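Please view the sequence and the model together.

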Amino acid sequence: MITTSFTNLVGASAPIQLASMPGISTPELVAAVADAGGLGMLGAPLMSAAVLEGVLEQLSERTKGVFGVNFLIPFLDPACLSVAARRARVVEFFYGEPDADLVERARAFGALVSWQVGSLAEAVAAERAGCDFIVVQGTEAGGHVRGETSLLPLLSQVLDAVRVPVVAAGGIATARSLAGVLACGSGAARMGTRFVAAAESGAHPSYVKALLASSAADTCLTNAFSVMWPGAPHRVLRSAIAAAEALTEDVIGEAHYFEQVFPVHRFSVIAPTSTTTGRIEAMALYAGESVTNVTSVQPAAAIVSELVAGAERLLREAVG
C-alpha cells in the first residue's frame, strides 16, 4: 500500500477517497471501500438526523475501516452535522464558502474536517478556516462542479499555496491517473464515476449500462438538471439531456431514498438508483470525463486493489 500525508492523517491504507454520491454511494459501497483501505464517504442530503444516526451505526458495525459524511451546504441540516461529527472519522463540506464556525463545530466532536473546493481562493480559505485536508475538484469531475478550472492547473496552484494534505478530484479512474496526481504531490485521489459501476453501487442498472457504453466526449458540463438545486453546474451524459428534452411530462419517475419517496421531476438533480422507477434514461446520469475508463462492473475491493497496485508499480518504475 502507498503511504501518504492523507493516509497517515485519516488512518487509511489506500490513497483513495470515494465520492459521496447520494443514493449511489450506498452503505454497502461505503463499507466496501473502507474495508479495502480507502476512505468511504456517505452523502447526507435530504437525510434526517435519526436516519443518519442509524446508517452510521450500521457502518460502524459493518466495517473496521474509515468512513466519512459529506454535506452539501445548500442542504445542510445542523442536527445531521452533530450526528456525523460524533460517529464518522471525516466530516466534509461542499458547495459553499469555507466556514470556520462549521469546521469548529465538527472538530469539537473529534472528527477530521475537509472541504471540497473549485478554486485557489476557496482552498486558501478552507485552510484558514481550520480544515484538516482539502479536496481540489477539477471541471473533469462528474456530478456537481464547483469551479471553472481543469484539475491539473488548479491542483498545482493549490499544492503550492497550502500546507494541509490535498486530495485530487476530477477525471481520475485508472492506476495511471492515480499515480499522476500522487506524483504531483496529492495525498490521495477522490473518485466517483469509476465506483458508480462497482458491484456494491446503488446506481440503476440502466445508468451503469449507459456509463459502460460512454466516453469522455459523451459528457458535458451543463446547468440542465437544476430542479431542486438551480444554478449549480454539473457534468452528465449528453444522452440524458437529449432524453429529458424529448419528454413533455413534468414527473418522469419515482425515487426511494431511505425512508422517503420522491417524485422525480424532469430535469431533477436526483440520480437514478436501483429502486428508482420511470424514465431512467432521461434522469441525471452524472458522469465524469473518466467514464472512458469505466468498462466493467467490479467489486469495490477489486477496483481499489487494481488502482493502488498499478499506481505503486508506475511510481516505482518512474524513479527506478
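Is Phe267 buried or exposed? With a relative accessibility of 17%, Phe267 counts as buried, where buried means under 20% relative accessible area, exposed over 50% and partly exposed in between, with a 1.4 Å probe and protein chains only. The model is predicted: local features need pLDDT of at least 70, side-chain atom pairs count only at pLDDT 80 or more, and totals for chains, interfaces and linings use all residues. Residues are numbered from 1 along each chain as its sequence is written, and side-chain values use heavy atoms, with hydrogens and water left out.

**Aromatic pairs**

- The structure holds eight aromatic pairs; rings of Phe, Tyr and Trp (its six-membered ring) pair if their centres lie within 6.5 Å, and planes under 30 degrees apart count as stacked, over 60 as edge-to-face and the rest as tilted.
- The ring centres of Phe225 and Phe267 are 5.4 Å apart and the planes stand at 55°, so this pair is tilted.
- Phe225 is also buried, at a relative accessible area of 0%.
- One aromatic cluster is formed by Phe75, Phe94, Tyr95 and Trp229.

**Charges over rings**

- Arg146 has its charged end over the ring of Tyr95, 4.8 Å from the centre; the rule requires NZ of Lys or CZ of Arg within 6 Å of the ring centre and within 35 degrees of the ring normal.
- The charged end of Arg86 sits over the ring of Phe109, 5.9 Å from its centre.
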